[in-house]
Amino acid sequence: MISTLAAVAVLSAVPPEAPPCRFRGEPRAWTAQALESWDRLDRERLRIARPVTPVITLFDQSCAYTLTPDARGDFRVGARRYRTSGAPHSGQVGLPDGGSVPAQKLAFASPMSDGRMFFIMALPNVWRADRTELRDGAKLSMVVFMHEFAHTQQAASLGGRIDGLIARGLPEDSDDDVVQDRFGERPNYRAAYEGERDLFYRAAAASDGRAARSGLALAAQAMEARRQRWFRGDDALYAEADDVFLTLEGTGNWAAWMWLIDRRGGRLGPTEATAFVRGGGNQWSQDEGLAVMLALDRVTPDWPALAFSPGGATANALIQRALAGR
């Protein structure tokens, strides 16, 4: 017969059962805050006629949560309503059309095979766990959410433009670094890009509206000169790719920047917010794209509604409109 003490020892050696993955606590509260922040930006600046409600997967170190649009769902934020479910993972998080991604810092939006949009992102505790990241993990996770959620609203416009570029010869694996990867090491290209980028940031920081407009004109001239010099012959297609990716990444970074300066969000000053979003400035389309949108904000503050319209006005068109005084 096993003694009472021995029985206790045997029972204590059995590992406890992992807690169920229920969508509650911080994951639920943070997701509600994130979607409310997006909806506020939409109401106040974007005014999207037909907002997209994507399928969402969120995950932390042990659980993955799936939010599926459902009119009778248990999780509601604004006009969006979701049916939620949770399941443990073992370091890989499944994607709806097959495959998986590692459970690490990441976020992206993608169309699904059935035409719906899909959005996946690591939850804040994954971002906070990265000791190599100098920026505040709580703020960074919301910045990433705002940027990537912007992309869920742009698949029919800018996403379609990218598909068209690939059909016309852009590499199949093209992403927002495609121009940087192809031209970044060519003689004098980096200097031209950096000078142009800095002109857009100077326009954004100009002392008044007139100076901002003049600065925007100088930056646009530098952009055109760069494209005429390098995007010729077999590379001519990259002029349009440059325009589309500057718009896509610039609008995403601007949405993140708007959350950072919001007193209901990150509560940073504009200069601090710009530095936060820029980070190391290693992804050129994201860095210059933010500069373009901040400069446009100084001249024609109604530009976001055009960029997020079904037609998806790109940076070129928005700059031309601003300089024409419309």
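A word on bookkeeping: residues are numbered from 1 along each chain as its sequence is written, and side-chain values use heavy atoms, with hydrogens and water left out. Since the model is predicted, local features need pLDDT of at least 70 and side-chain atom pairs count only at pLDDT 80 or more, while totals for chains, interfaces and linings use all residues.

**Pockets**

Rolling a probe the size of a water molecule over the atoms shows where empty space is left. On a 1 Å grid over the protein atoms alone, a pocket is an open set of points where a 1.4 Å probe fits, with protein on both sides within 12 Å along at least five of seven lines; a cavity is a set the probe cannot get out of, and lining residues have an atom within 4 Å of a point. Points are joined across faces, edges and corners, and the volume is the space filled by probe spheres set on them.

| Pocket | Volume | Lining residues | Lining make-up |
|---|---|---|---|
| Largest pocket | about 1,100 Å³ | 40 residues | 16 nonpolar, 14 polar, 10 charged |
| Second largest pocket | about 230 Å³ | 15 residues | nine nonpolar, five polar, one charged |

In the largest pocket, Ala 107, His 147, Glu 148, Glu 249 and Gln 286 lie nearest the centre. Among the elements giving two or more residues to that lining are strand 7 (107-111), helix 4 (137-152) and helix 9 (237-261); helices (H or I, at least four residues) and strands (E, at least two) are DSSP runs, numbered from the N terminus. For the second largest pocket, the closest residues to the centre are Arg 50, Val 52, Gln 153, Ala 156 and Pro 310. Helix 5 supplies the largest share of that lining, with three residues.

**Rings**

The whole structure holds 16 aromatic pairs (rings of Phe, Tyr and Trp, using its six-membered ring, with centres within 6.5 Å; planes under 30 degrees apart are stacked, over 60 edge-to-face, the rest tilted). Take Phe 119 and Phe 145: their centres sit 5.5 Å apart with planes at 85°, so they're edge-to-face. Phe 119 is in strand 8 (residues 117-122) and Phe 145 in helix 4, so this pair ties together parts 26 residues apart in sequence. Both are buried (under 20% relative accessible area; exposed is over 50%, partly exposed in between, with a 1.4 Å probe and protein chains only). Phe 119 also pairs edge-to-face with Phe 149, at 5.7 Å and 85°.

Elsewhere, ring pairs link Phe 183, Tyr 189, Tyr 193, Trp 230, Phe 231, Tyr 238 and Trp 284 into a cluster.

Thr 66 has Ser 85 as its bridge partner in strand 4. Strand 3 (residues 75-77) is also antiparallel to strand 4, with three bridges, and Arg 76 stands opposite Arg 81. In their hairpin, with two residues between the strands, Gly 78 takes a positive phi near 60°.

Arg 47 is in the loop between helix 2 (26-46) and strand 1 (55-59) and is exposed at 57% relative accessibility. Arg 267, in the loop between helix 9 and helix 10, is exposed at 66%.

Note on methods. Ala, Val, Leu, Ile, Met, Phe, Trp, Tyr, Cys and Pro count as nonpolar, Asp, Glu, Lys and Arg as charged, and the others, Gly among them, as polar. Two strands pair if DSSP finds at least two bridges between them.
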